[in-house]
There are 2 protein chains.
Amino acid sequence: MMARDVDAALREHGIQPSAQRLVVADFVLRTDEHPTAEQVFDRVKSRLPMISRATVYNTLNLFVEKGLLRELVLGRSKDGERRVVFDPNLDAHHHFIDDATGAIHDVPWEAVKVSKVDRLEGYDVREYQVVMRGRAKRGARR
Amino acid sequence: MMARDVDAALREHGIQPSAQRLVVADFVLRTDEHPTAEQVFDRVKSRLPMISRATVYNTLNLFVEKGLLRELVLGRSKDGERRVVFDPNLDAHHHFIDDATGAIHDVPWEAVKVSKVDRLEGYDVREYQVVMRGRAKRGARR
DNA sequence: GTTCGTGCAAACGGTTTGCAACAAT
DNA sequence: ATTGTTGCAAACCGTTTGCACGAAC
């Protein structure tokens, strides 16, 4: 997503742009780092030092509500922190979590094949993803 | 797991049994309900009214550390609560989360087939699971 | 002037921790 | 005696909320 599109992206999702929302969006919609709310706050504060934590939390929640962003709750990072992170990638994809660093990598939908989900007895599966954990080799694409 | 085996299970995992630990284990190792810490506390308190929340939390963390129990952090329940739950099922399996109730159901490993995980470029996958969300039909097995 | 967004600080809820009492070995 | 376990209460940390100010339409 290009910088000039951020404003349009907000409007398309029924979100009234504001300086704060644009700065948050400009970071969170363009990253592939799956940041936590705190990381978004830090990043955004460097560009808009007077922004408050509450605004960042409210903005992120708003983006999730409006479908601009997805929230991932995948477990704990290496140092035992529970983690809620944000993912601007709205396409179906899987996730790989690096044991060593806790980093979350997107895995393209076609890279893994899941079968029989639609034949699961008793369950009507609306969506699914594979969550993998292990070691990322050096130079792995994110 | 049978009641009389709970004591043995603790010892086998290097956990010194105590009245509190036995009561916690007797519930959490035998349930298929994926309880939260709070739910464990409530259940256990009815059998051991003087037990403290801290002991339950400490005990659950100890069990996870010692590999008796797994902690799942899979997202939010229907009412928006973030949830950390405990799962005594140590065998590889998948999870289905009911959109309507937030209930987590174990899905047997063989019920879903995942391929190409071992061929993922750049990643050395140690373990994985499929996380599904949707509607559980009436009478679905847990 | 009404609505909407922001900043601040206080509140909140789940979890952890420090510590003194206690039990087990 | 030493070591490990418990209960209590306070601390903690990420997140949410109430409220008054200010900006935008």
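Into which domains is chain A divided? Chain A splits into domain 1 (3-71) and domain 2 (91-142). The model is predicted.

- For the side chain of Thr55(A), the corresponding distance to a phosphate oxygen is 2.8 Å.
- Ser52(A) uses a backbone N or O atom, 3.2 Å from a phosphate oxygen.
- Helix H2 (19-28) and helix H4 (53-65) of chain A, with helix H4 (53-65) of chain B, each give two or more residues to this surface.
- H4(B) gives the largest share, five residues.
- By type, the surface has six nonpolar, seven polar and three charged residues.

**Domain 1 and domain 2 of chain A**

- The C-alpha centres of the two domains are 25 Å apart.
- Four residues of domain 1 and seven of domain 2 make the contact.
- About 420 Å² is buried between them, with 41% from carbon and sulfur atoms.
- On the domain 1 side, Asp32(A), His34(A) and Arg70(A) lose the most area, together 91% of what that side buries.
- Zero salt bridges are counted between the domains.
- Two residue pairs are in polar contact across the interface.
- The domain 1 side that touches domain 2 has no nonpolar, one polar and three charged residues.

Key
Residues numbered from 1 in each chain as written. Chains lettered and ligands numbered in written order. Predicted model: local features only at pLDDT ≥ 70, side-chain atom pairs only at ≥ 80, totals over all residues. Heavy atoms only, no water. Polar contact = N/O pair within 3.5 Å; in protein donor to acceptor, adjacent residues only side chain to side chain. Helix = DSSP H or I, 4+ residues; strand = E, 2+ residues; numbered from the N terminus. Nonpolar A, V, L, I, M, F, W, Y, C, P; charged D, E, K, R; others polar. Domains from an automatic or database assignment. Contact = heavy atoms within 4.5 Å. Buried area = accessible area lost by both parts, 1.4 Å probe. Salt bridge = Lys/Arg side-chain N within 4 Å of Asp/Glu carboxyl O.
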